[in-house]
Amino acid sequence: MTKTAVNKKSEKTFWERNRDSGGYLLKKKVSDIAYRIIRVFLLFGMCFLILQPILNKISISFMAEEDLYNAMVIAVPEHFTTDNYQLAAQFMDYGKTFLNTLLVSLSIAVLQIAVCTLVGYGFARFEFPLKKFWFACVVLMIIIPPQTLSTSLYLHFQYFDILGIIKLLTGSALNLRGSALPYYLMSMGCMGLKNGLYIFMIRQFFRNIPKELEEAAYVDGCGTLKTFFRIMLPDAAPILTSCFLFSFVWQWTDGFYSKTFMGNVSLLARQLQMIADRLDHYIVFTLHDATGASVGYTNAIVATGTLMVIVPLIVLYLFAQKGFVESLSSSGIKM
Amino acid sequence: MNYGKKYTGLLKRKAIAGYLFILPFILGFLIFMVRPFFQSLYMSFSNVEVSPQGINSVFAGLVNYKRAFTVDTEFNRMLTEQLGKMVVNSFAIMVFSFFVALILNQKFKGRALVRAVFFLPVIISSGVILGVEYDNALLSGLQSTIENSTGGGTSITGAIENILTTAGIGTKAFEIVFEVVDGIYDVAIASGIQIIIFLSGLQTISDSMYEAADIEGCTKWESMCKITFPMISSLLLVNWIYTIVDFCMRSDNEVMEKISDTMIVKLDYGFASAMAWVYFAIVIVIIGVSSLIISKGVYYYD
């Protein structure tokens, strides 16, 4: 009631006000609406651009082989089938590989973040000689492509030895290739996938915590370790979650490190790379069709396999979206 | 080095604690970085033979480098192509992510959803999945059949490209532009992190600054040039370096594929190291020079 009354008092119609402003109001209103419409189109287009390959894969994964070559079938399969999923699961040995990947990604992510937190905290809150030098090493680690060093690391692990001790004991150097041990060792030493980046982000976060908090803890009788565990760690939960999620996801899809340093451990990312050959093999030797798999069918199976690899990640993303985005933007990455 | 005088008492204890905290990194760096670093450098200058007893490296001078540049038929071409692509794509990614961050910083309905979608590629297009997508032969096969059956060049960019190139205006520059437009998907999926970083920067700029500019009679365009750009210029540097590094490490990188192929399949460790070092040196130079140039223009607010 009161609102309309107030409105009535100062009420001039839009056109009257427009006349008062010399046409400015109308112009502003029109350009505002035009801008909004353009923005909707742009955003819709770009979102579609990003989502389209996934939607495409979903529709292909339910198609039978004949649908793939039928020009009339575009998005909705005519012969709906889940055979593709069964085949892809069989080729990747999905159940076992999934558990394996989950275990490896989880343990690696926990290990990497634990170590990187220690190191990041050390860089952020302590003064010690050569600090700048060591931090320069961290930056160097971010910049050097791991491929540059992989050649010699690869050999390093084939004839693994720590200062000749192992050779002394057993007579020959240890061959660590073929197991996941090299990568766990590397993770313990912050040399895993993008670990430099995690150290950088965590350090950035710890630097922003006020010094008074730390001093208060010391005055109240906390030691260095107790301050770290009781005061600093709980505060850092968001950035640690964020780094953990990244570490987990990137480990899940990583091909390079797992190919070079994880030996024969069966992981989803590696199985996915081999899925096309497996299909070919299956068709030639099991179905006795010498022509092998057709291009379209191979692609359908690869698409299905890809979906099966990324679906767990998408589910994780849906639940932990805040963890991925918000803490990253609040950590204030600056140079 | 005598730090005893400077670091005594509490300071000394804190220094020791600091070293204990970063100890894992130092160990890891020494064991897994320093040795391989020099070893790989040495291998690039030598002939490496792998025998059951171990690795035999015989110093051979610049042979591997000569081979990479003069004998090998693919390396030069791949390297220049890859570096050209890197520069063009990095530019495109920077512009795209800045633009998207500007839009996503405004208030509108469904903003959270759009943000989630733009960030999705960081998760689902990492690692091997990118490589797998690029093998999508069916799509390219379909595309070529469609183009053949309809007489070619029916896409909008294709049509515009035809018009412009026949009109004869600076063809080379246009080619690059069209390459970027055609590859907009690659750009979009590679700019998730950059968008978030720009967004975080945009959010720290206080509204009062824009308001003041508005009252003084700044147009939107002027306030973007005079306020937004300087305020996030430090993030520009971070993003630029991140983009280049990210591009170097992508699994669909031709040069990287060749290197790991030479190493793992052909077991030619010396040659692989030489190629890796050439690539790395060029990337470092590009990062160094460009960040020097950018850091000249960076404005620090506080």
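I count two residues as in contact if their C-beta atoms, placed from the backbone, lie within 7 Å. The model is predicted, so I take local features only at pLDDT of at least 70 and side-chain atom pairs only at pLDDT 80 or more, while totals for chains, interfaces and linings use all residues. Residues are numbered from 1 along each chain as its sequence is written, and chains are lettered from A and ligands numbered from 1 in the order in which they are written.

**Chain B, domains.** I looked up the bounds, which come from an automatic or database domain assignment. Chain B has domain 1 (9-63) and domain 2 (75-125 + 190-297). Their centres, taken over C-alpha atoms, are 30 Å apart. I found 8 residues of domain 1 of chain B in contact with 6 residues of domain 2 of chain B. On the domain 1 side, H1 and strand E1 (46-51) of chain B each give two or more residues. Helices (H or I, at least four residues) and strands (E, at least two) are DSSP runs, numbered from the N terminus. By class, that side has 4 nonpolar, 4 polar and no charged residues. Ala, Val, Leu, Ile, Met, Phe, Trp, Tyr, Cys and Pro count as nonpolar, Asp, Glu, Lys and Arg as charged, and the others, Gly among them, as polar.

**Chain A with chain B.** I then turned to the contact between the chains, which takes 69 residues from chain A and 76 residues from chain B. Helix H1 (residues 9-44) of chain B supplies the largest share of the chain B side, 21 residues. I sorted that side into 57 nonpolar, 16 polar and 3 charged residues.

**Chain A, domains.** Chain A is assigned domain 1 (14-61) and domain 2 (85-330). Here 4 residues of domain 1 of chain A touch 6 residues of domain 2 of chain A.
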